[in-house]
Amino acid sequence: MQREQLSVFDMFKIGIGPSSSHTLGPWRAAQQFVQVLEQGGALTLVTEIKILLYGSLAKTGSGHGTDIAILLGLSGDDPVTFAVDEVVPKTHQIKISHKLILNGKQEIEFDTDDDLLFLFNESLPYHPNAVTFQAFLNNGKAISETYYSIGGGFVVKEGGQSRGKAEVDLPFPIDTAGDLLHWCIKTGLKISEVVMENEHAWRGEQETRSGVLNIFNAMAACMYRGSHTSGKLPGGLNVERRAANLNKRLIGNNTYTNFDEWVVAIRQTGNSFSNILDWVSCFALAVNEENASFGRVVTAPTNGAAGVIPAVLQYYLVFCDGYSEKRIIQFLLTASEIGCIFKKGATISAAMGGCQAEIGVSSAMAAAALTECLGGSQRQVMMAAEIAMEHHLGLTCDPIGGLVQVPCIERNTMGAIKAITASQLALQTNPDNAKVSLDAVVRTMWQTAQDMNSKYKETADGGLAINIPLSLPEC
C-alpha cells in the first residue's frame, strides 16, 4: 500500500483566513482550474464560468469567505502573496462590475448571484467540502471539474490525487505513532531529528530550516499585528477584538517598536500564573482575530485552529527562554509530525470530524512540540499529544453564522492552555504507566468523527449556531 508522504510544509501553509478548508482550499482549487484551462489552451475561449458549492462549503461558505476565495483564485491571485488589505476591495469590485478576469488574462461577464451557486441541500459522497467549476467556451464546448477541500488547505481533484510534491524514498516512513516511536528507538533520534532526516529527501537542510523560519516569521507577524489591531470583526456578529486591549493592559508602561522588543517587554511583565494565562490567551486571540479578518495566517494545521501553536510557541519563547532559531525549528518540526499522524489516521477537517479535528489536533501538536523542547523523552512527547487530544474528543464545530469567530476564536485559547497543561503532565509522568497510547486516541478520534451527527460538522445546523441569535451581543 502506498504510504501518504507529508512534509512540515504540508502541515504549515501560509495563506489568508478565515478557513483552511473553506477559504484556502477553494482558493487553491480555483487556481488549479484556471491552470487546467490555460494549459489546455481553453482560457481565451471561455465566455462563461459557473461555480457550484456543495455540502459544508455551501452551508457555511459565505461566513467563511468561500466566494471571496474562489473569485481571487480564478483571478490568478495567490494567498501567500496577495495583499490582505485588497481582499475585500477587489472582490467587491468584481461583484459590482460583473466582470471577472480569469488568471488576469481573459475577461468575462460574471454575476455572483447567477454564476456562483450555493447548493445548500446537495452533497457529494467523497467529502462534505466540494466545489464544481464549469467553463463554457465560444466553440460550444464545456469543461467541468470537481474538487474537494479536505482540510488544512489540502485539495483533491475528483478522480485524481492531491497535488503536491513528488514521491520520494523517505529514510523513516511513518504512518502511525508506533512507526515514529520505532524509528526513535532504533536510531536514538529525537522526533524533530527524525522529521528533519525525512525532509532531506525533498530538499537540503538549509532550505528546510529557512522555510521553517519563514513559517515562524509569518506566525509572529500575524500575532504581532493581531495584538495591536482593535475594532470589530467583519461578518455581522459585531464581535469586538480583544487581543489589542489585553496586550495594552498587560504591557503597562513598557515600550517597543517590533516583535523582538515586544518579547522583551512581555518578559518584564512577570511570570505569575495569572499573567502567563493572560498572555497565552492574548497570543491565541491575536492570531484568530487576524484570521477572522482575512488576515495572513499559517494553517496549523488549519486556519480555524491557527492560534494554538503560535500561542504555545510564543509561551515557550517568552517564558521558558526558548527564543532561538534552533528551538523554533525543533518546535515546529515536532509539531508537524504529530499533525501528519492525525491526518493519516483520522482527519484534520472539521467538516469530517468536528472541532476535535482542528483545535484538538493543534493542541496535540503544540503539546508534543513543547514537551520535546522542554527536554521530554520521545515517549513523553507522544504522551503529551495523547493527553491533549484525549480531552478534546467529541468537540463539535458549530460556528455561529458560519463565521470563524464564535466559539472558534476562544477555543484557540483553550487549546493552547490544554497543550501546556498536557505537556506539564507528561513531563511529570512515567510514560511506561500510560493507559492510552497516541495511536489509540487517533483511532478513537476517527471513530468519534464517524459517529458525530453532521449538524456538528461545520454546517452551522446545530449547537451554538442555532441557539445564539445573531442579534445578541457577545458575552
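Good morning. Strand β6 (residues 129-137) and strand β7 run antiparallel and are joined by 7 bridges; two strands pair if DSSP finds at least two bridges between them. Strands (E, at least two residues) and helices (H or I, at least four) are DSSP runs, numbered from the N terminus.

Please note that this is a predicted model, in which local features need pLDDT of at least 70, side-chain atom pairs count only at pLDDT 80 or more, and totals for chains, interfaces and linings use all residues. Residues are numbered from 1 along each chain as its sequence is written, and side-chain values use heavy atoms, with hydrogens and water left out.

Within this pairing, Gln134 has Ser144 in β7 as its bridge partner. The hairpin of β6 and β7 has 4 residues between the strands, and Gly140 takes a positive phi near 90° there.

On to the next strand. β7 and strand β8 (residues 154-157) run antiparallel, joined by 4 bridges. Ser149 has Val155 in β8 as its bridge partner. In this hairpin, with 2 residues between the strands, Gly152 has a positive phi near 70°.

How enclosed is strand β7 (residues 142-151) by the rest of the structure? Of its 10 residues, 7 are buried (under 20% relative accessible area, with a 1.4 Å probe and protein chains only), so β7 is largely enclosed.

Finally, consider Phe154. Lys13 lies over the face of its ring, at 3.6 Å from the ring centre, and the charged end of Lys343 sits over the ring of Phe154 at 4.5 Å from the centre. The criterion is NZ of Lys or CZ of Arg within 6 Å of the ring centre and within 35 degrees of the ring normal. Thank you.

Technical notes:
Buried means under 20% relative accessible area, exposed over 50%, partly exposed in between (1.4 Å probe, protein chains only).
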